[in-house]
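Trainee: Please put the model on the screen, and let us go through some of its parts.

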Amino acid sequence: MSLSSIISSASSALSTAQMQIAVANANVANADDLTYSKKTVSTTATTALNSASSATVQRAADTYLAKTVVKTAAASGYASTIDTYMQSYDAALGSVDSGDDLSSLLDAFSSALTALSASTDSDTAKAATVSAASDLAAGISSLSASIQDLRTQANAEIATTVDTINSTLSTLASLNDQIVSVTAQGGDVTALQDQRDAALTTLSSLIGVSSYTTSDNRLVVYTTGGDQLLGTTAAKLSYTASSALSSTSAYPTSIAGITLNGKDITESLDSGQLGALVTLRDTTLPGEQAELDALASTLIAQVNAITNAGSATPAPTALTSASTISGADAFSATGTLRVAVVDASGSTVSTQDIDLSAYSNLADLVSALDAVDGLSASIGSDGKLSITADDSANGVALGDIAASVGASSQGFSDYFGFNDLFSGSTAADIAISSKLSGDYSLLATAALDTSTTLAAGDRALSTSDSATIDKLSSMLSGTLSFAAAGDQAAKTVSLSSYAASFVSGAAALVSNASSSAASALSTYEAATTRLQNTTAVNVDEELALLTTYQSQYEANAQLVSMVQELFDTLIQMVN
């Protein structure tokens, strides 16, 4: 081997050693960076005599494990997001210990009714019953508001997540361009590939993706639904969030879709954080709202039907409808309505039985009511029907005798809401009647006697009568029909049973979300650990290699020095 060949080979070895030292130093410096993969220097001979070689930097990688990490990141992102919202929902559900969960509130209302039944003339018992009913209504409406707040929060987070996805796609597109360019020039792209892998994992945790790498080292990314997110350029997601959602807000009628380059992909999003937020907003939380609405609407309808069939004692001087009407409104009913004017002791002052089938509009009905001795009836400027005793010392009581009004076959008072205990029709708007919130004595506890004909002086109402309260208690413990809602199938159970089923179902959602999040995170961490075991830097190993590379560098440097001395000697000899 000639001296020039030795110089060439030693110089190449020096360059390789320098590169190896630099790479080893970089490995040690980035050992704590979980996104960094171990780098090595690979050499190849450039001549048949191995007198020179070229060196390239390679990184430790495992394609299968890397794809597993990306896949499990999507599952963990989905599960952890569901769990976060379910923990907030769990707090809104209340607890048995504090007595603010639905089952406890319903039990408290039932207990108050039982106490009132034993002492119907007790102001304290009436006040406690109205208070318990108010607490129950407030608990239901508060939970409904919490559900919609969580939906609104998820909706706003969808917009934020879409922005983060677009930013991540932009980063991936930039890294793609750099990697393709540097690869074509034969440069080192390993650091860029590490950054791209980290960005891909982040993207998958947000939306869930699949990917492959082209021959020119470009990463192509798709959603799990098959829509391309990244190719030669990055796609763009768009979403405009509503400021607030209500129980009637739903996709796609009143909630905008999430679009990808103009295409609505909302229904195909089922993984990653974005998929979880859509599921929460459009499926999980609306299901809970539907079950709560079923409970609330049944409670309102059943309770009001019973209280409207009764009367407060003493009877109120005026009855005012909860609903607004017009004299021109059609009226269709069968059966008879008993109207009685009673004194403070409950004795009959005057009474009249009205055949409801004789009237086809409300104007005629109001005229008939106004014609009852001792009463005035009219529709006020606010559209409310009022039936008032002419003598303020007297009261008004109504009783159905096989009366059935409208297509829903309600009782007369129930149709107009004269003695409603609850207002509203759903969980969102349920509340204690405004009349009762201002005067608990208006709570219907007794019932007008409709069993026999009443004459002036006959007992029409009794303060000891607990008929209405007893019916309320029986209704709460009796079976009722509930339509299918959320995860609840159609069933015939008591209100307390339905409430317990709702609470237990919600608790199961919370528990399952927590378990799923823990399991998904464990799987993701296990996949990440396996990949890191393959690609992570072993500092002790790198330090040992540094010593070897430095020795190689020194040996080749000494060889170059020796050859240089030989060259100098030869030149002197020639001269």
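Trainee: What is the mean pLDDT of the protein?

Mentor: This is a predicted model, where local features need pLDDT of at least 70 and side-chain atom pairs count only at pLDDT 80 or more, while totals for chains, interfaces and linings use all residues. Residues are numbered from 1 along each chain as its sequence is written, and side-chain values use heavy atoms, with hydrogens and water left out. pLDDT is the predictor's confidence in each residue, from 0 to 100. Of the residues, 89% reach 70 or more, and the mean is 90.

Trainee: Is H3 roughly parallel or roughly antiparallel to H4?

Mentor: Helices (H or I, at least four residues) and strands (E, at least two) are DSSP runs, numbered from the N terminus. The axes of H3 (residues 102-118) and H4 (residues 123-184) come within 9 Å and cross at roughly 165 degrees; axes are lines fitted to C-alpha atoms, for helices over the stretch in contact (heavy atoms within 4.5 Å), and angles run from 0 to 180 degrees between N-to-C directions. Angles under 35 degrees count as roughly parallel, over 145 as roughly antiparallel, 65 to 115 as roughly perpendicular and the rest as oblique. The crossing angle therefore makes H3, relative to H4, roughly antiparallel.

Trainee: Which residue of E13 is the bridge partner of Ala 318?

Mentor: An open sheet has 3 strands in the order E9-E13-E12, with antiparallel pairing; two strands pair if DSSP finds at least two bridges between them. E9 and E13 (residues 384-389) pair over 4 bridges. In E13, the partner of Ala 318 is Thr 388.
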